[in-house]
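Take a look at the two chains below before reading on. The questions that follow go through them piece by piece.

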Amino acid sequence: MSVFEGFRFRRVTSPIHRLDPRIKFLYVLAMFVVTILFTEFLPLLVLFFLPVPFVFAAGVQREWLRSLRGALFLATIIFVFNFIFSYFYRVYTGAALLEYSISMSLRFIVLVESFSIFFLTTSPDHLSLALEQSHVPYEFTFAFTTAVRFVPVLAEEAQTIMDAQKARGLELERGNFLKRVRNYIPILIPLIVSAIRRSLELAEAMESRAWGASSKRTNLYTLQLKRSDFALITLSVLLLAVGLYLRYFVPIPTLGQFLPPLPF
Amino acid sequence: MIETKDIHFTYRTGVEALKGVSLAIRDGEFVAIMGQNGAGKTTFVKHFNGLLKPTKGEVLIDGISTRAVSVAKLSRKVGFVFQNPDHQLFSETVEEEIAFALRNFGFEEAMVEKHVTWALNLLDLTEYRKASPFMLSGGERKRVALASVLAWDPDVIILDEPTIGQDHRQKEKLRQFIVQLNEQRKTVVVVTHDVEFVAECNPRVILMVDGEIVADGEAKKILTDATLTLSASIVPPQITQIFHNLADFGLPSDVIDIYEAKKILSDRLMEMRR
């Protein structure tokens with residue numbers, strides 16, 4: 001469950017937490033686009049280290065590291081698959097093959113990293129406020145924030161269910177691949193059933209508190225752009241511009257230039 | 001025999017749930033672990049079948065450390081019934097639900113059949129054999145969960161809050177059932193804050209406050225101790241409260257059993273009538 005840890009918001013304040021979520025999302029999008037632009041190792045490495053100052057400014061290093069550790073497993077799979085398939089289909093060879101496979105998994109890590117920072121530093125309330133002020137219908141906003149809010153609850157519940165089934169002799173790590181997948185049935189069914197039950201209960205509770213009674217909603221707080229938000233806008237646009245410029249006008253050094261010829 | 005030696009447990013969130021707990025539960029004992037919410041009761045008993053391993057200290061089940069064996073292996077000996085049956089029910093029929101653990105423990109099919117029938121009978125569930133556990137009422141689901149653990153006949157049975165959501169009749173049945181298990185030399189550990197239930201059962205009571213054991217002894221002694229119960233945020237049984245309030249009339253202050261209370265009162269009333 002460690003991947004979830006990296007997306008769990010904790011109520012603290014920092015300059016990063018106080019940024020407008022819309023702008024933070026703009027920044028994440030810029031990061032996303034620029035990351036997708038490159039398949040070379042060097043620029044991706046730079047992109048990986050780019051958000052580190054934000055992480056420290058927000059004081060979420062521990063959670064951030066945990067989410068990276070969680071992403072590492074999937075990143076390894078991405079590496080292995082890319083390596084094997086590119087090798088057999090002869091898309092790349094030698095250093096280029098190595099670089100391509102590493103870059104693909106690094107790209108995934110960079111994406112997880114930026115989204116993780118966004119969710120770690122943005123409270124669900126802020127997020128829904130941002131969505132609402134972007135004229136997203138409130139039903140969707142509510143559904144979205146509820147989903148985000150229930151992730152940790154669900155993760156905790158999954159843990160309890162796992163304990164309960166382990167106490168009945170279930171061994172998750174036993175058997176071949178298919179058996180292991182099947183081992184998760186006794187965990188998934190109670191989890192899904194209870195999630196559905198909970199959603200029905202939530203709906204009833206909302207109805208009884210007159211949810212949707214007035215069509216025009218007002219908010220106590222409104223989001224307003226501050227100077228730091230404009231700084232982030234500038235940064236995001238700059239990031240995008242530099243990324244595009246480097247991509248199309250500057251030759252990017254590859255790993256092959258630094259490595260001796262490789263045997264594959 | 002369950003032995004814990006000065007165990008500490010800290011959750012990943014940094015919450016220290018157990019702060020040095022030492023306890024020995026002999027075979028065939030009936031123990032109630034009591035205390036307020038968050039006192040560490042459930043955390044503590046989750047150490048008995050190895051679901052949690054102590055961050056410091058050691059838990060021994062029949063002399064074997066829980067660190068040395070798997071949860072599955074320990075569970076064969078120590079059955080744990082979770083508080084919420086919905087956290088474990090997943091099968092299409094009640095029968096399958098009960099057979100699940102038996103198959104995990106490698107019982108022969110003939111034995112599975114035998115144990116399932118026995119467990120269904122034991123908990124009055126025979127008529128629901130082919131029913132879906134999801135269609136049953138809350139109390140029935142709880143009994144299915146209980147049956148699914150008792151089916152493999154573990155030596156130790158841990159019940160986490162067994163009385164929650166049960167009506168009086170079911171509670172009484174549960175009590176008789178526990179007494180019956182206990183007579184078969186099974187060790188029974190109940191985690192609860194249902195004071196009245198404990199008063200009726202009269203087990204050995206272990207009182208926990210803030211991750212530590214503050215009292216250990218007969219229910220009669222602990223539940224009637226006003227300072228102890230106050231410190232653990234539990235209220236003494238109603239009959240004890242009445243007797244405390246009537247202490248001026250010379251009534252004893254250590255009564256938790258209704259029948260005993262009735263006897264004392266009727267003796268007094270008889271005296272007065274004379």
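Predicted model: local features only at pLDDT ≥ 70, side-chain atom pairs only at ≥ 80, totals over all residues.

**Strands, helices and contacts**

Q: Over how many bridges do strand S4 and S5 of chain B pair?
A: Two strands pair if DSSP finds at least two bridges between them. Strand S4 of chain B covers residues 56-61, and its antiparallel pairing with S5(B) runs over two bridges.

Q: Which strands of chain B stand at the edges of the sheet?
A: Four strands of chain B make an open, antiparallel sheet, ordered S2-S1-S4-S5. A strand with a single partner has one side left without a neighbour in the sheet, so the edge strands are S2 (16-25) and S5 (64-65).

Q: Is B:Gln176 buried or exposed?
A: This residue sits in helix H6 of chain B, residues 168-183. In space, its C-alpha lies 15 Å from that of B:Ala147, 29 residues away in sequence. A residue is buried if 20 or more other C-beta atoms, placed from the backbone, lie within 10 Å of its own, exposed if 12 or fewer, and partly exposed in between. B:Gln176 has 11 C-beta neighbours inside 10 Å, so it counts as exposed.

Q: Near what value is the phi of B:Glu161?
A: B:Glu161 belongs to the loop between strand S7 (156-160) and H6 of chain B. It is partly exposed, having 19 other C-beta atoms within 10 Å. Its phi is positive, near 45°.

Q: How many residues of H11(B) are buried?
A: Helix H11 of chain B (258-273) has 16 residues, and its end C-alpha atoms are 22 Å apart, which agrees with the 22 Å that should be spanned at 1.5 Å a residue. The expected span is 1.5 Å times one less than the number of residues. The helix lies largely in the open, because its number of buried residues is zero.

Q: Where is the kink in H5(A) centred?
A: H5(A), residues 61-88, has 28 residues and reaches 39 Å, close to the expected 40 Å. Among its residues, the buried ones are A:Glu63, A:Trp64, A:Arg66, A:Ser67 and A:Ala71. A bend at a residue is the angle between axes fitted to the seven residues ending there and the seven starting there. In H5(A) the kink is about 30°, centred on A:Leu72.

Q: What percentage of the residues in chain A is buried?
A: Chain A holds 11 helices and zero strands. Its C-alpha trace spans about 70 × 60 × 30 Å along its principal axes. Of its 264 residues, the buried share is 28%.

Q: How far apart are the centres of the two domains of chain A?
A: Domain bounds come from an automatic or database domain assignment. In chain A, domain 1 is 2-122 + 226-257 and domain 2 is 129-208. Taken over C-alpha atoms, their centres are separated by 28 Å.

Q: How many residues of chain A are in contact with chain B?
A: Two residues are in contact if their C-beta atoms, placed from the backbone, lie within 7 Å. Chain B brings 19 residues to the contact, and chain A brings 17.

Q: Which helices of chain B each supply at least two residues of the side that touches chain A?
A: By class, this side of chain B has 12 nonpolar, six polar and one charged residues. Here Ala, Val, Leu, Ile, Met, Phe, Trp, Tyr, Cys and Pro count as nonpolar, Asp, Glu, Lys and Arg as charged, and the others, Gly among them, as polar. The helices are H2 (71-77), H3 (94-104) and H5 (138-150).

Notes. Residues numbered from 1 in each chain as written. Chains lettered and ligands numbered in written order.
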